[in-house]
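Student: Could you take me through one part of this model closely? I would like to look at the salt bridges and at what surrounds them.

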Amino acid sequence: MGVSLLAKGEYDQAAKKYTQLVDEVQAQIKSGNQDTVRDSAKLADYALNNAAVCLEKAVRFDSALQMYERLYTQYPDSPLADNALFRVGVNAEQAYDFDKAIERYTKLVQDYPNSKNRPAALANEARLLEGDQRYYTAFDAQIATQATALIGKPVRLRLTVKQAGERSEERRVG
């Protein structure tokens, strides 16, 4: 039902159907029927993701953000969890909640170091930090983005404020 509503462009209705499906699945899980618990949990994370996608298409970024947060908090081991965390950052930016976006990009980098979204999360984090004039932290994220791209493995550097200040002094002198 949600798929047909999505195809028709009825995004709000599709999101409601997917959310209802999640609520039904969670009720089954609470009932303790072990035969359906595993399959239901797999179904719930995909339904939450689909609901969030529908809400994004309906330009309801705050609601989409909430669905994605629900997905990665309730199903952190889902194959969709890292993407949900990334989408929370994207939707937080759309809702002008830049601090939340930075927090979620940082969480993605820390909690899912092998995520395909890691380079984009680092780049987005650096861009937002620079825009917020947090230059030392932005520099760290930019270097990590470039280093990850060069060596193909997750890298995270942390300069202390003192180290960054010393480097800044070196640049001014030279």
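**A close look at the salt bridges**

Tutor: Let's begin with Glu69 and Lys100, whose side chains meet in a salt bridge at 3.7 Å, N to O. The term stands for a side-chain nitrogen of Lys or Arg within 4 Å of a carboxyl oxygen of Asp or Glu. Glu69 lies in helix H4 and Lys100 in helix H6 (residues 98-111), so this pair ties together parts that are 31 residues apart in sequence. Helices here are DSSP runs of H or I with at least four residues, numbered from the N terminus. Glu69 is buried, with a relative accessible area of 16%; buried means under 20%, exposed over 50% and partly exposed in between, using a 1.4 Å probe and protein chains only.

A word on the ground rules. This is a predicted model, in which local features need pLDDT of at least 70 and side-chain atom pairs count only at pLDDT 80 or more, while totals for chains, interfaces and linings use all residues. Residues are numbered from 1 along each chain as its sequence is written, and side-chain values use heavy atoms, leaving out hydrogens and water.

Now to further pairs. Glu103 and Arg104 form a salt bridge between their side chains at 3.2 Å, N to O. Glu103 is partly exposed at 46% relative accessible area, whereas Arg104 counts as buried at 15%. Lys107 is partly exposed, with a relative accessible area of 32%, and Asp111 counts as partly exposed at 41%. Shared partners join Glu69, Lys100, Glu103 and Arg104 into one network of salt bridges. By this rule, the count comes to 8 salt bridges.

Helix H4 has another neighbour to look at. The axes of H2 (residues 11-31) and H4 (residues 61-74) come within 13 Å and cross at roughly 25°. Axes are lines fitted to C-alpha atoms, for helices over the stretch in contact, with angles from 0 to 180 degrees between N-to-C directions. H2 and H4 are therefore roughly parallel to each other, the term for angles under 35 degrees. Where they touch (heavy atoms within 4.5 Å), Thr19, Val22, Asp23 and Gln26 of H2 meet Met67, Arg70 and Gln74 of H4.

Terms used. Helix = DSSP H or I, 4+ residues; strand = E, 2+ residues; numbered from the N terminus. Parallel < 35°, antiparallel > 145°, perpendicular 65-115°, else oblique.
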